[in-house]
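Biologist: I would like a close look at one part of this protein. Please take me through it in a single connected answer.

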Amino acid sequence: MLVTRDIERTRKAVAAARAAGRRIGFVPTMGALHAAHVSLMEAARRAGDFVVVSIFVNPTQFGPGEDFDAYPRDEGGDLATCENAGVDLVFFPSVAVMYPPGAVTTVHVARLTDTLCGPHRPGHFDGVATVVTKLFNIVQPDAAYFGQKDAQQLAVIRRMTRDLDMPVEIVGCPTVREPDGLAMSSRNAYLDPDQRSQATCLYRALEHARSRIQTGEESAETITTEMRGIVENAGPCRIDYISVVDPASMEPVTRIAGPVLVALAVRIGRTRLIDNMTVDPRERTP
Ligand code: AMP
């Protein structure tokens, strides 16, 4: 496994793999790697790709007062995880490599970012869209793998690549959960034991929504009110949002007549957790 820290060497390594006839599969991450990240690497491996992982805690997607400084960092552990997952190349840039002084260009994806996390994290999706554009230009992948756990991010990146004609296939991968349903996240490490058990309320609320929608409830307001009850009953928290939206446009839905994305963001102590589920009212699960 090769580890690069600058743009030129990264481009050279990727060009050599492509010259050898390999398709380039790319998994952008912020490190503190866990089983969900590995599932994205495995998806790329299964596709037969030359697998490139980037590890970069991107400062521009954190707002003032957010957890950029506290965000978990574990270079040694992350490199071992990549090695074990059969990754071919890890791009591990510093902030100085990614943002040399004087950069003034950003990428903004409109509309899709007006709902859900957008209003609660001003500038976040500009930071994401800009860094992903830069990483795509550095790595020049054929395919890039993103988790459905960050459904709005996935939608933003799909739209950005389409709108800007980026020649990258975007592959969405299913959310990986702990046995009790909590979506895996590097931020779960912030939770103390009581908060960790409280945190299962997000998944329980989503499962409740799924079952209500699939047994005929059509009112998004009824669904979100019931979800709010489940989350508030679990313990002290601050709900950023609980929403039912269109899975492509992220626009709010009032009457549920087709597939919807049910999404929520909840702060438990200082930890902000997000989760979501795509629910099709025509599918019934036992
Ligand atoms: P992060 O390191 O949190 O920026 O995440 C890097 C990639 O892993 C993103 O595409 C995330 O959507 C994805 N990811 C993180 N957690 C999960 C999860 N529990 N299930 C699926 N994908 C995930």
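Biologist: How many salt bridges does the rule find across the interface of domain 1 and domain 2?

Modeller: The rule finds two salt bridges across that interface. Please keep in mind that this is a predicted model. On the side of domain 1 that touches domain 2, the elements giving two or more residues are α5 (117-120) and α7 (151-163). Of these, α7 provides the largest share, four residues. Sorted by class, this side of domain 1 has ten nonpolar, seven polar and six charged residues.

As for the division itself, domain 1 covers residues 2-173 and domain 2 covers residues 186-277. The centres of the two domains, taken over C-alpha atoms, are 26 Å apart. In terms of contact, 23 residues of domain 1 meet 19 residues of domain 2.

The size of an interface is often expressed as the accessible area lost when the parts come together. Here, domain 1 and domain 2 bury about 1700 Å² between them, and 54% of that lies on carbon and sulfur atoms. Of the area that domain 1 buries against domain 2, Leu-116, His-120 and Lys-149 supply 32%, more than any other three residues.

How values were computed:
Residues numbered from 1 in each chain as written. Predicted model: local features only at pLDDT ≥ 70, side-chain atom pairs only at ≥ 80, totals over all residues. Heavy atoms only, no water. Domains from an automatic or database assignment. Contact = heavy atoms within 4.5 Å. Buried area = accessible area lost by both parts, 1.4 Å probe. Salt bridge = Lys/Arg side-chain N within 4 Å of Asp/Glu carboxyl O. Nonpolar A, V, L, I, M, F, W, Y, C, P; charged D, E, K, R; others polar.
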